[in-house]
Each structure stands twice: as C-alpha cells, then as structure tokens.
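Morning, everyone. I will go through one structure today, a few places at a time, and then stop.

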Amino acid sequence: MHISFVASEGVPFSKTGGLADVVGALPRSLAALGHQVSVYLPRYRQTKLTEPATVVRSITVPFDDQYRFASVVSGGSQGGVHFYFVEYPQYFDRDALYGTPAGDYPDNAERFALFSRAVLEASKILGVPQVFHCHDWQSALVPVLLRTVYAEDPAFCDVGTVFTIHNMGYQGLFPPDTLPLLMLPWDLFTMSKMEFFGQVNFLKGALTYSDFITTVSRKYSQEIQTAEYGFGLEGVLRDRAATVTGILNGVDYDEWSPQTDKFTAGKFSPQDLSAKAKCKQDLLAAFGVKNADPKLPVIGIVSRFAAQKGFDLISQIADRLAREEMIIVALGAGDKTYEEMFVRLNKQFPNKIAVKVAYDNAIAHKIEAGSDMFLMPSRYEPCGLNQIYSLKYGTVPIVRATGGLDDTIEPWDARNGKGTGFKFTEYNGESLLLTVKQALQAYRDQTSWQVLMRNGMNKDFSWNASAREYGKIYERVRQLRGAPAAPAPEKALVGVSS
Ligand code: ADP
Ligand code: GLC
C-alpha cells in the first residue's frame, strides 16, 4: 500500500523529541513489510540534506488576502522510504522548530497550515497515497482539509487518513479569526468540529475528521478518554472509541544499542557487561564529576524539560534525595522553570546532582550507557522512548506507572528474579522517593541486580510488530474508503526522479 507520512519532525533531519524518532524509524519498518512509503517534513534551518533536488517548483497556497508559494525538495530515499521537504524559508528557516524558550512562534497556525496544504498539493504531482498518516497538531489540518475544502477533489476521493496522537498536551489552539485567515470555512467553528472554549483547536479537527485515530501505547489510549488525561478532548475521543487504538512505539536498535553505539566509551552486551563501568567513568567525566566512588549508583535523566515530565516531584524531595548514596546526571532543555530548577539543585548539591542544560544527542547516548538507573517520573507519558532505550543498555528504569511507561516496565521482584524496573503510581514526591530508595536498596545486591539488568537488555521492542499493527489499520481504512488494493494507475508516481 502507498502511505504518506505527514509530520513536523523526523530523524535524521529534525528533532525535538520522540516524535522525530518515530517518524525516522516506523516508515522504514513499513517499507520492509512491502509498503510504499513517503514522508513529508518541513525544511527547517537545521534540516541537512546531502543532495537536495527541487521536485515541485511552486505550489500556490491561498491565505486571506494573498497567495504564498512554497516548493518541495526531495531528500532522496533512505531504507526504501522517500523523503520530501516543504520549503518556505519565511516560515521554516528559523532558529528553532516551534518557538523560543519565551514561547511559541506567533504564526504557527499559518506555518503548519501552509505545510499541510502544500503536502496535499504536492502529492497530486508526486503521487497520491492511499492513506495519509498524520502526526500531532502540526499536520492535523490534512484530514480536515481533505473532508472540507478538498472534499470534491477527484484526486482524493478514496484517500483515507490515520492520525496518531503523540501528545494530547499540545493541541494547536488559535483565535477564531485563524479560520478565515487560513481560508477554512466558518462552519468548522462549532463544538462538534474545531471549536474549543472559544478557540480553534487543530487537534480536535483531526480527531473529528480522521478515519482512524491511534496513539502510542495501549494504556495512553485508555487514559486520554478520561478527564485526568484528555486535556478537554476526552469526550471527543470517547465518541470515537471504536476507531481509537493504542500501538506501542518501537525503537530503532540501529541507533540505540550498547553493542554498536558510536557515542559511548565501550561496547557491552548481556553476555559481557564489563565495559559498562568504562561508560560510567566517561559519563561522569563528561559531567565534570571528579573522584566519585565507582560503586555509587548513577541515576540518569534525559528529557525535554516540560511540566509533563514530572520534575516538580524531584524539586519536592531534593534535599532528602541528595542524602542518598547516589549521583544524578541530568540532561535537558526547555521550560525556563525547570532549567532554572536543575541549575539551582546543582548549586545546592554539587556532588550529588550534575546538570547539563542542553540538547545533545551524544550526551544522551552516554547517559543511557553509563548510568545504572534512569529516572522518568512523568505526570503523563504517551509512550516514552528513553525508558525503552535504557532497558537495552542495562540501565534500570524508575518510572511513574502512566501511559507507555506502565506498558513497557514490569516491576522487579527479587524473590522470583522477574521484572525490569521500578514503578510508582501516586503522583507525589513521597512515592517517588520511596521508589528510588527501593531501587538503591536493590542495587546493593549486585548479583540479583545483574539479573534485573539482563531482564531488560533481553527485551525486544523493535518496530516490526508495531509496524504490522499499523499495516492492519491502513488496510481497514483503505476498505472503509473503498479504494482499490493497488494504487490506481493515475495515482502512480509521475514525473519524479531523485
Ligand atoms: P518526548 O517525545 O515526550 O520528548 P520521548 O521519551 O518519547 O519523550 O523521546 C525523547 C527523545 O528525545 C529521545 O530520543 C531522547 O533521547 C531525546 N531527547 C530529549 N531531550 C534531549 C536532550 N536534552 N538532548 C538530547 N536528546 C534529547
Ligand atoms: C511524544 C510523547 C512521548 C512519545 C513520543 C513519540 O512526544 O511525549 O511519550 O514517546 O511522542 O510517540
């Protein structure tokens, strides 16, 4: 089947979080299963292309009182997947993807509306897929456009849409006059469509108009249908419960494996763990921690610094945590509040809490390899990838039992030697502290700790199984839309070479 991914970030071209990892890896797994897959991304300043070739010179995108003209650049094929980039420097040639620490770019509605419209128009030249698979609010207008202003377009008459929610916390909320600005019909501004407490909600549009909705773990697919996790859209999701499903993200073990990792000081495996000690030393050196007792457990953190990630719990218990026999190394960037909080903790407990406020992929790998434990106390977590990477590196996750964290981590039971990590449920500092203490206690028995490490290292979260699940959903959507099993001849790729 021909599937086009539409997303705002994807490895190796652009990344702020796990969405990019998914968009970088899932298409390749689908291609390996025999699907024809193309991926559309914006061309940001940080997008590095080796041999960019303009494949569509000009696409007219209507806005309020003017036309804008975007183009599409081919980034060639990787692993059987074709990458296309919507180019519009005025919108995408900027320092960051979505905004600065001070806040989102004020024209994000226009930026991602232009992107979505350009993708639809480009596909008419580059090949209309059977299914558009869109991700998060930035591509949410694709299903909306297809069922409204493009409803009469014969090119799209049997095209289906799948929408994946990676995070309900980001919805794309804009003032009502965004609709006429983007040349979208006013009748979308009703409660049953895109209106949301007086604003236009892009995500709600996608939840209304997509043929099928997925999210990135089974548990999260249930949580988002409740008031606690639905961010006000739980009712919309409950109405569509029959077409909502959770498919766990996989991970790309070509990138994240202690046996082949190009960023770490030593290679190790479940059979031979010895080089992990070298990775730990190297990690502590990278964080400027000197003369640390090698027996002290190191707890790693790699994260966007956002309210979602539960760092307010660390702040609640920091002084008692710092009395424990351990060292925390944290890498992250994002909200000023949490950046400042970690810097403050580092000043207060310089020998206990080391921090790098940065976005740094190499350090992220060093933390996975060199830490003994990995901390993710998230308030909510749609899937979470770092805890899954940690398992592979024998770095034992300590997580809050929510979303994908709950689905991927099994509690350690020293009596039967089963389990892969430590979990707590109540969202408060006391529960977190208690669970960290349990982990530190377990660490003291190195023989059973190695059993625990190996349990995690032997787990397999590769993409294959999840890619097959997506394949089944695409097939359901194709049938729903009554599209032919193979692409119709007029929809075959035309006039493009890369
Ligand atoms: P989310 O998408 O909510 O940020 P995930 O756990 O799904 O959470 O994915 C986060 C991804 O982003 C991982 O690949 C992680 O290594 C990476 N990442 C997050 N923060 C940083 C950082 N400060 N430096 C380098 N990589 C980071
Ligand atoms: C989001 C979520 C994270 C998930 C990622 C990829 O950013 O916060 O939990 O792993 O998307 O699906």
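Two strands count as paired if DSSP finds at least two bridges between them. By that rule S11 and strand S12, residues 199-201, are an antiparallel pair, with two bridges. Before I go on: this is a predicted model.

Staying with that pair, phenylalanine 196 is the residue that stands opposite glutamine 199 in S12. The sheet here is an open one of three strands, in the order S10-S12-S11, with antiparallel pairing. Which strands stand at the edges? They are S10, residues 173-174, and S11, residues 195-196; each has a single partner strand, so one side of each has no neighbour in the sheet. Helix H6, residues 202-209, lies across S10, S11 and S12, and it runs at about 50° to S12.

Leucine 188 is buried, and its relative accessible area is 0%. What does leucine 188 touch, leaving out residues up to four places away in sequence? The list is Val144, Thr148, Leu179, Lys193, Met194, Glu195 and Tyr209. Threonine 148 is 40 residues from leucine 188 along the chain, and their C-alpha atoms are separated by 8.9 Å.

Next, the parallel pairing. As background, strands of a sheet pair through backbone hydrogen bonds, either parallel or antiparallel. S15 and S16 pair in the parallel sense, over eight bridges. Within that pairing, glycine 300 stands opposite valine 329 in S16. Seven of the eight residues of S15 are buried, so S15 is largely enclosed by the rest of the structure.

Both of these strands also meet helix H10, residues 311-321. The buried residues in H10 are Phe311, Leu313, Ile314, Ile317, Ala318 and Leu321. Looking down the axis of H10, those buried residues fall within an arc of 165°, so they line one face of the helix. What do they pack against? Strands S15 (298-305), S16 (327-334), S18 (373-376) and S20 (422-424), together with helices H11 (336-348) and H15 (429-443).

Now a helix pair. Helix H1, residues 18-32, packs with helix H17, residues 464-481, at an angle of about 75°, and the axes are 9 Å apart. That angle makes H1 roughly perpendicular to H17. On the H1 side the contact is made by Leu26, Ser29 and Leu30, and on the H17 side by Ala467, Tyr470 and Tyr474. By type, the residues of this contact are five nonpolar, one polar and no charged.

Last, some backbone geometry. Most residues other than glycine have a negative phi, and most peptide bonds are trans. Where is the cis bond I want to show? From valine 11 to proline 12, with omega near 5°. Proline 12 is placed in the loop between strand S1 (2-6) and H1.

Aspartate 136 is not a glycine, yet has a positive phi of about 60°. The loop holding aspartate 136 runs between strand S8 (131-135) and helix H4 (141-147). Buried or exposed? Aspartate 136 is buried, at 9% relative accessible area.

Phenylalanine 231 also has a positive phi, about 50°, without being a glycine. Phenylalanine 231 sits in the loop between helix H7 (218-223) and helix H8 (234-239). Its relative accessibility is 39%, and phenylalanine 231 counts as partly exposed.

That is all I have.

Definitions and conventions:
Residues numbered from 1 in each chain as written. Chains lettered and ligands numbered in written order. Predicted model: local features only at pLDDT ≥ 70, side-chain atom pairs only at ≥ 80, totals over all residues. Heavy atoms only, no water. Buried < 20%, exposed > 50% of the residue type's maximum accessible area, 1.4 Å probe, protein only. Helix = DSSP H or I, 4+ residues; strand = E, 2+ residues; numbered from the N terminus. Arc of directions from axis to C-beta. Contact = heavy atoms within 4.5 Å. Axes fitted to C-alpha atoms, helices over the stretch in contact; angles between N-to-C directions. Parallel < 35°, antiparallel > 145°, perpendicular 65-115°, else oblique. Nonpolar A, V, L, I, M, F, W, Y, C, P; charged D, E, K, R; others polar.
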